[in-house]
Amino acid sequence: MARSLEKMASIDAQLRLLAPGKVSEDDKLVEYDALLLDRFLDILQDLHGEDIRETVQECYELSAEYENKQDPNKLEELGSVLTSLDPGDSIVVTKSFSHMLNLANLAEEVQIAYRRRIKLKKGYFVDEASATTESDIEETFKKLVGQLKKSPEEVFDALKNQTVDLVLTAHPTQSVRRSLLQKHARIRDCLTQLNAKDITPDDKQELDEALQREV
């Protein structure tokens, strides 16, 4: 492999590069995501070898670099890596990114719950039932105007130009086996407990091993 890829720091660095605006003192999304991806890459290497792991990580990094800089050379480099794979390896790489997306979604779910608890502790809401979610439209408008420096007129004009199209599919896109839903719940639980303030070193090791098993 042309690149010498670092196991953990590289993934963490790329995640921070992609989501600098999300990282704050109350934000654990990058830490959750990097932890899960690191565990997954370790398991991928155990099952399919170091070359597959490096290929997946290289594709991940090239995608992140292209997303950040829109450099067409990175896209060409990514295409070269993918087209050089034999059919068997291409299936493994494709499935790997499917699993990585699921893990990223789990990390985001735990982050949303974490951020909600922080807001409750700071007294932003009267009770949990009235707490806003990440998709709260008022909070979205505040971010657009306050953080992204968009004027109310720009937001209004953008909304006026939105269109909605119906898409019919042949199968339910959110259909997930019960066993997998249960596994996802256990992963979320491990992530939540790993970041508890009163966790002991022994507890942390036990939870880390449990997370490894679930992934």
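This is a predicted model: local features need pLDDT of at least 70, side-chain atom pairs count only at pLDDT 80 or more; totals for chains, interfaces and linings use all residues.
Which residues have the most contacts inside the largest nonpolar core?

## The nonpolar core

The residues with the most contacts inside the core are L36, L44, V56, L191 and L211, and the core as a whole has 27 residues. Five helices each supply at least two of its residues: α2 (29–48), α3 (50–69), α5 (87–121), α8 (178–194) and α9 (201–214). Of these, α5 gives the most, with nine residues.

Leaving aside residues up to four places away in sequence, L44 touches G49, I52, R53, V56, V92 and S96. One of these neighbours, V56, is itself among the residues with the most contacts inside the core.

## Overall architecture

Stepping back, the protein has nine helices and zero strands. Read from the N terminus, the order of elements is therefore simply α-α-α-α-α-α-α-α-α. The chain has 215 residues, and 30% of them are buried.

L37 lies in helix α2, and it counts as buried because its relative accessible area is 2%, under the 20% cut-off.

E65 is found in helix α3. Is E65 buried or exposed? With a relative accessibility of 15%, E65 counts as buried.

## Salt bridges

The structure holds eight salt bridges. One of them joins D208 to R39, with the closest N and O atoms 2.5 Å apart. This pair links distant parts of the chain, since D208 sits in helix α9 and R39 in helix α2, 169 residues apart. The two partners fall into separate accessibility classes: D208 is partly exposed because its relative accessible area is 25%, whereas R39 is buried at 12%. D38 joins in as well, and D38, R39 and D208 are linked in a network of salt bridges.

Another bridge links R186 and E214, whose closest N and O atoms are 2.8 Å apart. Here too distant parts of the chain are brought together, with R186 in helix α8 and E214 in helix α9, 28 residues apart. R186 is partly exposed, at a relative accessible area of 38%, while E214, at 16%, counts as buried. By contrast, D157 and K160 pair up within one helix, α7 (residues 152–160): they are three residues apart, so about one helical turn separates them. The closest N and O atoms of D157 and K160 are 3.7 Å apart. D157 is partly exposed at 36% relative accessibility, and K160, at 54%, counts as exposed.

## Cysteines

How many disulfides does the model contain? The count comes to zero. A disulfide would be a covalent bond between the sulfur atoms of two cysteines. Two cysteines are worth a look for their burial: C59 has a relative accessibility of 2% and therefore counts as buried, and C190 is buried as well, at 7%.

Notes. Residues are numbered from 1 along each chain as its sequence is written. Side-chain values use heavy atoms; hydrogens and water are left out. A nonpolar core is a set of buried Ala, Val, Leu, Ile, Met, Phe, Trp, Tyr and Cys residues joined through side-chain atoms within 4.5 Å. Buried means under 20% relative accessible area, exposed over 50%, partly exposed in between (1.4 Å probe, protein chains only). Helices (H or I, at least four residues) and strands (E, at least two) are DSSP runs, numbered from the N terminus. Contact means heavy atoms within 4.5 Å. A disulfide is a pair of cysteine sulfur atoms within 2.5 Å. A salt bridge is a side-chain nitrogen of Lys or Arg within 4 Å of a carboxyl oxygen of Asp or Glu.
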